[in-house]
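User: Please take a close look at the loops of this model. Which backbone features stand out there, and what lies beside them?

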Amino acid sequence: MINSKLVRAFDRIADLLEIDGEKAFRINSYRRAARTLKDLTEDVAVVAAENRLTELPGIGKGTAQRIEQYIDTGHTDVLDELQAKLPEGLPALLEIQGMGPKKVALVYDKLGVGNLGDLKRVIDSGEMEKLPGLGATSVKRIAEGIAFLETSSQRTPMGIALPIAEAFAAQIVAMIGVKRVEIAGSLRRGAETIGDVDILCAAKDGEGIVKQFVALEGVKRVLASGSTKGSVTVPFGEGKELQVDLRVVPADSFGAAWQYFTGSKEHNVRLREIAVRKQLRLNEWGLFDGDEPIAGRDEAGVYKELDLRWVPPELREDRGELERGADFGGLVSSQDIRGDLHVHTTASDGRCTIEEMAEAAKRLGYKYLAICDHSKSSTIANGLSVERMRRHIDEIRAANEQTRGIEILAGTECDILPDGSLDYADEILAQCDWVVASIHSAMGPGGKGKSSPTERTVAAMQNPFVSAIGHPTGRLLSRRAPMELDMAAVIEAAAKTHTMLEINASWQRLDLQDVHVRQAIEGGVELVINTDAHHVDQLEQMVYGVTTARRGGALRKSVANCLSLTELRKRIVLKRQT
DNA sequence: GCCGTTTTCGGCCCGACTGTTTTCAGTCG
């Protein structure tokens, strides 16, 4: 699809326009268009062909023309002209903390800086700090910004950031005078990757709390330490750093501040527009009628006074959540999950036994657990031969006999082979209670007599024993791109065959991702949220899958593992009889 | 450049912080 290329083109236009000193509104409209295209789940070329471009939010006549030109020629005049005018390396400089469009334009105009190398040179030579409006301190900060950019991974997966954030929050809440501590920012919204960790704290003595915060164990560098805000970095992985910000506010403003710092920026802009229409003013300190505060202590009050329903953080992305009459109350939550229907054991590549996994699942309050080890073709993952699989099923049945308080289902994660057939014959699959079918090999686009991932997935769904498709796109966050999957075709086939689609909860996968969750629900497909755990500890990753489901607007009634075991079995039978 | 239950023209969110200033511009979230 050409969508992602257009997203990059429009973001680049916006960057260049900013450096060029264009009006903010025009720049924003390009960013808005880029975001719309990023969220779009269908091929923009199809939308264009059907003359529906201007129906998309933030896309008017002008942008539609540029999209059409790009589809036809691979270029847009606007971008070509800007690129002819400004050096290629300039937009990258905007990523440096402390460098905004004005400063980028300044160093370009006065010193001819066209890329990162040039910038480093004029910093070292001392030329930069002589520029008007700059000085030794700001140049030093920019130099630190460059260093941070080069050591930090740009975006950190939610699964790495959340434990770090929770550890900090636990230490802050123990400080004297702290009334309340909460995680805010994109982490609270459940974004799959985050830029930095935002922690909010209610206390009177901001300076004292911030001082303790920047001195906490695990802090590598202190970026800022003031009376309301502290900012530090924390090492993780191999030489990487994550930024953690703490803000301290009075208890009376906690709700407004939590709302404000949770974002997203776009959601907040929309909220403030609504406030303005009501002749009110909304900021991080509260909602005001003139100088009179009318809300701010809690989040719900802020929404209520704007005649809005409180919006769950996962949905605050300005994707229509303030307008849509959505059923927020029915949104799936972690408490609704009654079982995990995709885990591995030592039989294939897991590190715990059937009994260990079952005991851990029971501790989480689950009523059922499906053991789904790899099938024979997944040799790297120690996939089970037919003979081993038969014995494995017997072992699962025996373990189930021995275990009380949880039902252990005999399952498999059966490979979908390159030709679209399944790795086990129906005779084996029929013995399983539950079958997840997944693609693990030949993940390329297909063609030339080779089946495409879409064809293979759709073919697998025709098998009556296939209950669900595992990690449908096969992506690994920032490590492997998703397969080229025609999601609309997969969803249509899933609905028709009563096959569920998995939201793989592993923070390295989150597959389906949020926009596809929404698309699947709109297509009438039932979902299942599984951890794909290879160790008892990984069962706790369910929360990431639930968060992703919530971001896609999934209600508990759309998620199969919120069902009782009896109801779940009925769903499996329904598929087998179709 | 987009958009419309005050509008097809004239709007389009808000405040803190910082460093450079002597009244404010730029950046950030």
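Analyst: Helices (H or I, at least four residues) and strands (E, at least two) are DSSP runs, numbered from the N terminus. The model is predicted. The peptide bond that joins D511 and L512 is cis, and its omega is about 10°.

Another cis peptide bond runs from G263 to S264, with omega near -5°. S264 sits in the loop between α13 (254–262) and α14. Helix α14 covers residues 265–277 and is one of the elements that give two or more residues to the surface near DNA strand B. With five residues, α14 gives the most to that surface.

Two loop residues have a positive phi. D318 is not a glycine, yet its phi is about 55°. The loop that holds D318 runs between α15 (299–305) and β11 (339–343). D318 counts as buried because 22 other C-beta atoms lie within 10 Å, and the cut-off for buried is 20 or more.

A442, also a residue other than glycine, has a positive phi near 50°. Its loop lies between β14 (434–438) and α19 (453–461). A442 has 15 C-beta neighbours inside 10 Å, so A442 is partly exposed.

Terms used. Residues numbered from 1 in each chain as written. Chains lettered and ligands numbered in written order. Predicted model: local features only at pLDDT ≥ 70, side-chain atom pairs only at ≥ 80, totals over all residues. Buried ≥ 20, exposed ≤ 12 C-beta atoms within 10 Å, placed from the backbone.
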